Amino acid sequence: MTSPAQRKATRLMRAGAPAFIDGTAPVNVPVERTSTVRFESTSSQAALHKRREAGEAVSTYGRHGTQTHRALEAAIGELEGARDVLLAPSGLSAISLVFIGLLSPGDHVLMHDGVYGPVRERIEPLLTRLGVAFSYFSAADGLPHQLLQANTRLIYAESPSSFLYEIVDLPALADFAHEQGVLLAADNTWGAGLLHQPLALGADISIQALTKYLGGHSDLMQGAVSTVDAAIGQRLREAHDALGLSVSADDAYLALRGIRTLPVRLAQHARGAFAVASYLQRVRQVTRVFHPALATDPGHALWSRDFHGANGLVSFALRDADTSLAAAFIDALQLFSLGASWGGYESLALIAPPRRLRTHSYWQGQEAVIRLHVGLEDADDLILDLAQAFRSVLS
Ligand SMILES: *Cc1c(COP(=O)(O)O)cnc(C)c1O
């Protein structure tokens with residue numbers, strides 16, 4: 001039904017569409033809720049189990065998903081350019097799946113120092129207890145030759161980084177990893193698959209929190225792990241099964257529904273974010289704006305080379321501000337809600353936790369940083385709101 005010559009947005013509208021039965025088909029895949037899968041006969045049961053054991057994603061039990069899940073996996077496969085896609089109950093569980101599925105006691109992981117905070121704060125202690133060691137590299141220091149160990153099995157990067165959007169040279173890191181016989185996994189939540197394809201740039205594994213832009217409406221927790229490598233896919237599938245990771249059909253449906261409008265939502269988020277970022281650059285009380293689509297951003301050249309656009313995230317540093325001044329600024333905002341996460345239609349503001357900024361070598365400033373998620377509101381209204389908050393708190 002699809003040809004490779006079609007562009008991604010075109011393929012995304014069709015991926016996972018239900019087949020015709022008796023000459024008709026719904027537009028959307030049915031939400032197929034079930035725990036038990038019924039078999040027509042013992043011989044069809046045996047045949048399906050055999051296909052499942054051969055690595056095919058067929059359903060023999062509700063935990064393994066239904067046609068709703070298969071449709072979502074197909075659509076994410078289109079987005080990421082993946083062969084195998086595994087769904088997880090959250091973005092963080094998708095990341096844990098990669099670490100638990102691919103690492104053993106005695107192994108070593110090299111991590112980008114700008115990764116999502118809970119990876120350091122939650123996954124690292126768990127894996128350390130299980131005998132895995134961690135080192136952190138700064139993407140600005142070039143390739144991490146010095147940190148590589150004989151037992152390094154995995155390099156883990158997030159590009160752009162959380163809060164500050166440092167761009168990692170993923171193709172160079174992939175070449176480096178493969179020369180050393182090490183796997184490269186990338187967190188692709190920022191790029192949502194549409195803006196960035198780590199697998200095409202050489203990564204072995206791409207991870208997304210579907211909670212963010214794929215869900216798109218702040219009503220969903222979900223994650224996905226994608227790979228082009230059949231052997232890695234099989235190892236991850238075994239760990240996925242052992243951990244019993246299961247996503248409801250309702251939630252799989254919501255993520256798939258989100259994918260259908262992803263191109264238009266992302267384009268609008270990016271337009272709004274660029275307008276807000278450009279405004280912030282002109283504000284006297286702002287010392288630095290972090291957003292890779294700005295020509296002045298240090299990652300702009302790499303971003304232009306490796307990404308197809310930006311999203312709604314913009315962070316900025318407030319001149320001479322401690323966190324209490326930043327808190328007063330956020331409390332003065334009317335159109336931005338205060339809340340974690342991002343990717344929904346609504347605008348959000350949050351103080352970047354200073355302890356997390358301190359572990360990210362990208363920026364050494366001491367002033368408070370505020371992260372904005374620019375939603376789908378009119379950007380001029382958002383800018384007016386920011387302007388009144390600057391006036392009321394910092395004049
Ligand atoms: C939010 C986020 C996650 C975690 O996703 P959850 O669904 O909230 O668990 C992982 N990585 C990045 C970059 C994120 O922004």
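Start by selecting α3 (67-80), β1 (84-88) and α7 (230-242); each supplies at least two residues of the lining of the largest cavity. Helices (H or I, at least four residues) and strands (E, at least two) are DSSP runs, numbered from the N terminus. This is a predicted model, in which local features need pLDDT of at least 70 and side-chain atom pairs count only at pLDDT 80 or more, while totals for chains, interfaces and linings use all residues. Residues are numbered from 1 along each chain as its sequence is written, and side-chain values use heavy atoms, with hydrogens and water left out.

**The cavities**

Next, show R63, H64, R70, E73 and H240, which lie nearest the centre of the largest cavity among its 17 lining residues. A cavity here is a set of points on a 1 Å grid over the protein atoms alone where a 1.4 Å probe fits but cannot get out, and lining residues have an atom within 4 Å of a point. The volume of the largest cavity is about 170 Å³, counted as the space filled by probe spheres set on the points, which are joined across faces, edges and corners. Its lining divides into 6 nonpolar, 5 polar and 6 charged residues. Ala, Val, Leu, Ile, Met, Phe, Trp, Tyr, Cys and Pro count as nonpolar, Asp, Glu, Lys and Arg as charged, and the others, Gly among them, as polar.

Now select N28, V29, Y253, L256, R257 and R260, the lining of the second largest cavity. That cavity has a volume of about 30 Å³, and 3 nonpolar, 1 polar and 2 charged residues line it.

**The cores**

Move to L72 and I76, the residues with the most contacts inside the largest nonpolar core, which has 48 residues. Such a core is a set of buried (under 20% relative accessible area, 1.4 Å probe, protein chains only) Ala, Val, Leu, Ile, Met, Phe, Trp, Tyr and Cys residues joined through side-chain atoms within 4.5 Å. Colour α3, β1, α8 (249-260), α9 (262-281) and β9 (313-318): each supplies at least two residues of this core.

Zoom in on I76. Leaving aside residues up to four places away in sequence, I76 touches G81, V85, L87, L210, L214, A224, S226 and I259. For a second, separate core of 31 residues, select F316, A321, L382 and I383, which are included in it.

**The domains**

Finally, colour domain 1 (11-260) and domain 2 (262-394), whose bounds come from an automatic or database domain assignment. Their C-alpha centres lie 28 Å apart. Across the boundary, 43 residues of domain 1 are in contact with 42 residues of domain 2, contact meaning heavy atoms within 4.5 Å.

Conventions:
Buried means under 20% relative accessible area, exposed over 50%, partly exposed in between (1.4 Å probe, protein chains only). On a 1 Å grid over the protein atoms alone, a cavity is a set of points where a 1.4 Å probe fits but cannot get out, and a pocket is an open set with protein on both sides within 12 Å along at least five of seven lines; lining residues have an atom within 4 Å of a point.
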